[in-house]
Amino acid sequence: AAWEKQVRHSSTPRRVNGFSVLVTGAAGFIGSHCSLALKKRGDGVLGLDNFNDYYDPSLKRARQNLLSKHQIFIVEGDLNDGPLLTKLFDVVPFTHVLHLAAQAGVRYALQNPQSYVKSNIAGFVNLLEVAKAVNPQPAIVWASSSSVYGLNTENPFSERDRTDRPASLYAATKKAGEEIAHTYNHIYGLSLTGLRFFTVYGPWGRPDMAYFFFTKDILQGKPIDIYRTQDQTAVARDFTYIDDVVKGCLGALDTAEKSTGSGGKKKGPAQLRVYNLGNTSPVPVGRLVSILEGLLNTKAKKHVITLPRNGDVPYTHANVTLAYKDFGYKPTTDLASGLRKFVKWYVNYFGIESKHSKETQHFDESS
Ligand code: NAD
Ligand code: UGA
């Protein structure tokens, strides 16, 4: 296969004692940032992504171009392709997997339930089936989600809080992922670390997320919907800047224990850990919009509407004490500074007129 030739002939350099990391979802928002960060510090990285069209695949291709300038190769394939995954592990002895590929988004699940089951449940199980059989087993760090806290509003959320009230099928599949991880850890000794990300935003972000399409709509003079809960309180999110999340992902990889394997000599099971990676500072959606209005120097046409039962949760707020204790995770970017960086990237990438078409060639990586 073309990728095999590429991978065998590329240096996929490994620093002394460095990692060799398979990053699934590498053409995605968080995956592309993490791949670059790993590569920049000297780890070997190989990506996997199916380049699906959940959102404009040209953005995924542009991220891929950026990665290829840094000699990071992305294999085009699906998590559910067992023989492909097995082959990947045959060719590269990965020490770690950073598993970020998934069907994301909460509202899309209303119309597309099977997509979540396929990628987030079947795809995850397929990856674990392959990883459990590899010798030595890679340590796996995977993306869970703040959405597992469901309808909780007691705050802030800590990892021991209840997660039995998912509000969307997306949340239910992420919660299922945590249960599945537990099983593979228990039976096969796989080392698994789940990261509950909280509404991550930044340059190269996802066009299906509110901060991104609000920016587009405000620039184009189109109205935006600002949700309020059914009891008319503001909907708030613990918006977390991408660079903080990347640091958290690398910290989790760095502190991931080696797997014991089912026949491992080490006493006791390998770890199963779950961490919040949030910003610890929830912001109402109305405030998000007013920051964007300031940065774009344009008034938004706002429709405040009562949140329909569409999978959204009313509130998120991370307690990150555990991630701080175990790998020094400390978010440092407030929403206004992070959105400033996003808007700078957005204007550079799309052009101020926000004509989506041809201008995508003119991006540069400085954001
Ligand atoms: P993203 O959609 O930009 O990235 C996911 C990538 O995975 C995409 O490029 C997609 O093409 C790929 N992919 C999807 N299904 C696949 C499959 N079956 N096989 C191969 N590739 C597949 O999303 P993101 O925001 O970068 O999210 C990364 C991870 O973090 C996801 O697991 C998501 O659920 C989780 N997460 C994200 C946020 C956030 O706010 N961005 C918050 C919580 C959790
Ligand atoms: C985001 C991601 O999309 C999910 O993939 C991820 O799992 C989740 O974060 C998480 O933290 O786990 P969400 O917080 O719903 O989900 O992000 P957006 O869709 O960007 O919404 C942000 C906020 O804007 C929410 O409070 C939402 O209710 C609100 N919103 C959204 C509006 O007020 N109006 C809209 O038109 C859309």
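Q: Before we start, which residues count as nonpolar, which as charged and which as polar?
A: Ala, Val, Leu, Ile, Met, Phe, Trp, Tyr, Cys and Pro count as nonpolar, Asp, Glu, Lys and Arg count as charged, and the others, Gly among them, count as polar.

Q: OK, and how do the residues of the shell around ligand 2 divide?
A: In this predicted model, the shell around ligand 2 is made up of 10 nonpolar, 5 polar and 3 charged residues.

Q: Which ones are closest to ligand 2?
A: Of the 18 residues that surround ligand 2, the closest are Ala104, Ser145, Met209, Ala210 and Tyr227. Strand β8, which covers residues 223-228, gives the largest share of that shell, with 3 residues.

Q: And what surrounds ligand 1?
A: Ligand 1 is surrounded by 27 residues, and the closest of them are Gly25, Gly28, Ala102, Ala143 and Phe197. By class, its shell holds 12 nonpolar, 11 polar and 4 charged residues.

Q: Where does the largest share of the shell around ligand 1 come from?
A: The largest share, 3 residues, comes from α2, and at least two residues of the shell are supplied by each of α2, α5 (113-133) and β5 (139-145).

Q: Since α2 came up, at what angle does it pack with α8?
A: Helix α2 (residues 29-40) and helix α8 (residues 242-254) pack at an angle of about 60°, and their axes are 10 Å apart. The two helices are therefore oblique to each other, and their crossing is right-handed.

Q: Which residues of α2 and α8 meet there?
A: On the α2 side they are Ile30, His33, Cys34, Ala37 and Leu38, which meet Ile242, Val245, Val246, Cys249 and Leu250 of α8. This contact has 9 nonpolar residues, 1 polar residue and no charged ones.

Q: What about α5 and α6, at what angle do they pack?
A: Helix α5 packs with helix α6 (residues 169-188) at an angle of about 15°, with the axes 10 Å apart. Because angles under 35 degrees count as roughly parallel, α5 is roughly parallel to α6, and α5 passes α6 in a right-handed crossing.

Q: Which residues make that contact?
A: From α5 they include Tyr116, Ile121, Phe124 and Leu128, and from α6 they include Tyr170, Ala176, Ile180 and Tyr184. By class, the contact of α5 with α6 has 13 nonpolar, 3 polar and 2 charged residues.

Q: Switching to the backbone, what kind of peptide bond joins Asn135 and Pro136?
A: A cis peptide bond joins Asn135 and Pro136, with omega at about -5°, and Pro136 lies in the loop between α5 and β5. Another cis peptide bond joins Asn155 and Pro156, where omega is about -10°, and Pro156 is placed in the loop between β5 and α6.

Q: Why point those out?
A: Most peptide bonds are trans, and most residues other than glycine have a negative phi.

Q: Then is phi of Trp204 positive or negative?
A: Phi of Trp204 is positive, near 65°, and Trp204 sits in the loop between β7 (200-201) and α7 (210-219).

Q: Last topic, what pLDDT does the chain average?
A: The chain averages a pLDDT of 92, and 91% of the residues score at least 70. Over residues 354-367, however, the pLDDT is below 50, and this stretch has 17 contacts in the model beyond near neighbours in sequence.

Q: And what ipTM does the predictor give the complex?
A: The complex is given an ipTM of 0.99, together with a pTM of 0.95.

Technical notes:
Residues are numbered from 1 along each chain as its sequence is written. Chains are lettered from A and ligands numbered from 1 in the order in which they are written. This is a predicted model: local features need pLDDT of at least 70, side-chain atom pairs count only at pLDDT 80 or more; totals for chains, interfaces and linings use all residues. A residue is near a molecule or strand if its C-beta atom, placed from the backbone, lies within 6 Å of it. Helices (H or I, at least four residues) and strands (E, at least two) are DSSP runs, numbered from the N terminus. pLDDT is the predictor's confidence in each residue, from 0 to 100. Two residues are in contact if their C-beta atoms, placed from the backbone, lie within 7 Å. Axes are lines fitted to C-alpha atoms, for helices over the stretch in contact, and angles run from 0 to 180 degrees between N-to-C directions. Angles under 35 degrees count as roughly parallel, over 145 as roughly antiparallel, 65 to 115 as roughly perpendicular and the rest as oblique. A crossing is left-handed if the near helix is turned anticlockwise from the far one by less than a right angle, and right-handed if clockwise.
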